[in-house]
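Colleague: I'm new to this one. Could you walk me through how to read it?

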Amino acid sequence: MTSPRPAMRPRWLAAPLLSLAVATPALAQEDPIKVGILHSLSGTMAISETVLKDTVEMLIEQQNAEGGLLGRDLEAVVVDPASDWPLFAEKARELLAQEKVDVIFGNWTSVSRKSVLPVVEELNGLLFYPVQYEGEESSENVFYTGAAPNQQAIPAVNYLHDQVGVERWVLAGTDYVYPRTTNKILEAYLKNEFGVADEDIMVNYTPFGHSDWQNIVSEIKAFGSEGRKTAVVSTINGDANVPFYRELGNQGIDAADIPVVAFSVGEQELTGIDTGPLVGHLAAWNYFMSVDTDANYDFIDAWIEHTGDEMAVTNDPMEAHYIGFNMWTEAVRKAGTTEVDAVKDAIIGVSVPNLSGGYATMMPNHHITKPVLIGEIQDNGQFSIVWETPSTVAGDAWSDYLEGSRDLISDWRKPMECGNYNVVRGSCGGSQAEEEASE
């Protein structure tokens, strides 16, 4: 496997790197601002989450090198929920109740976020969640810096239908709330928008850490052998992706015949496999390491310096943490305090640069604006961007394609201050879709 660096303007090969280990001037003798990091460092999700812990630590180092925040140092408080969903809740409580952190950056899977949600709401914490998810949620205490379905899943399906001519659809996912709810949205969308019949949709779920893909990939191959263009829409998460893609190669499934578009496979996941047989398969994200901007090259430079690894890669959830961290620091400066309620009020409307050359804005529903990118896997483990939206897309907390959700909006500004306001009934309340998604 060749070097995983982008082909465009690899400035970091020639430019001297600026050390992040610059001595920080002594700040006022105040208690540090504590930043909780809630990412799995062991278990099935460690393949994806460990680099997110490292990313937040890098951002903290950078902030301290610039003088801290409000004249105070930032201090990382790291815990390992170990890919254990109930343990996420316990560790979140530890961070908020014992460690007294001012903010948490964490989680990957939706089941882990659902586990943490009651804790951060009970203890009035702040959680910045950096990963694409199924929507159908808007909490006063959570800021969703990853993609909602209308910022990833729906545009990806549109691309496959309009640009690739796909007629038959395999919805393959890990068996938990994010894939099931996302696929429920996609099934409704495919049927309503494109008239896709039930027999032209194959749905399959596997447990976390699934490793034996031979039979499932054989079924996918058979499903796609009926003479009509077929694609796989993958919401497979964690280390199960490595044997899945390996089996695709073993069975000779070529992207020209049955393309796979993945929502949870990025540069980090591809470092574990030979990408040669996977060239041409797709991923839908809001950032790729191959984005050609000065801001991205600066971020890559800093990341390589931080890790000490010339082969280190960056990915979409890392950019989401970059955006979320900068939004939080800007809101703290705007509020003049780390006090949770003041930061929640201050952050709505805050705009910060993203890494693709534009800006991300925090919307009243606690989702952000993001560009949507489709990338093709290259033999060096990078993605070549083949399609992107002309402008950023605002995240939609509630899907227009689920009964019980299409009438809901979220707005955490006064006087509404509601995450699921029903515009038909004119009241704030729950939805059947939300209840089903949490089951």
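Modeller: Happy to. Let's start with domains, whose bounds come from an automatic or database domain assignment. Here the protein chain is split into domain 1 (151-285) and domain 2 (408-438), and their centres, taken over C-alpha atoms, are 32 Å apart. Residues are numbered from 1 along each chain as its sequence is written. Keep in mind that this is a predicted model: local features need pLDDT of at least 70, side-chain atom pairs count only at pLDDT 80 or more, and totals for chains, interfaces and linings use all residues.

Colleague: Which residues have the most contacts inside the largest nonpolar core?

Modeller: A nonpolar core is a set of buried Ala, Val, Leu, Ile, Met, Phe, Trp, Tyr and Cys residues joined through side-chain atoms within 4.5 Å. Buried means under 20% relative accessible area, exposed over 50%, partly exposed in between (1.4 Å probe, protein chains only). The largest core here has 99 residues, and F244, Y245, M327, W328 and I347 have the most contacts inside it. Helix α10 (residues 316-335) gives the most to this core, namely 8 residues. A second, separate core of 26 residues includes I154, V166, I185 and I374.

Colleague: And how are helices picked out, and how do I describe two that pack?

Modeller: Helices (H or I, at least four residues) and strands (E, at least two) are DSSP runs, numbered from the N terminus. Two packed helices are described by the angle between their axes and the distance between the axes. Axes are lines fitted to C-alpha atoms, for helices over the stretch in contact, and angles run from 0 to 180 degrees between N-to-C directions. In this model, the axes of α1 (residues 46-65) and α10 come within 10 Å and cross at roughly 35°. Contact means heavy atoms within 4.5 Å; the residues making it include V51 and L52 of α1 and P317 and M318 of α10.

Colleague: How many disulfides does a search of the whole structure find?

Modeller: A disulfide is a pair of cysteine sulfur atoms within 2.5 Å. The search finds 1, joining C418 to C428 with an S to S distance of 1.9 Å. C418 lies in strand β18 (residues 418-422) and C428 in strand β19 (residues 427-428), so the pair ties together parts 10 residues apart in sequence.

Technical notes:
Side-chain values use heavy atoms; hydrogens and water are left out.
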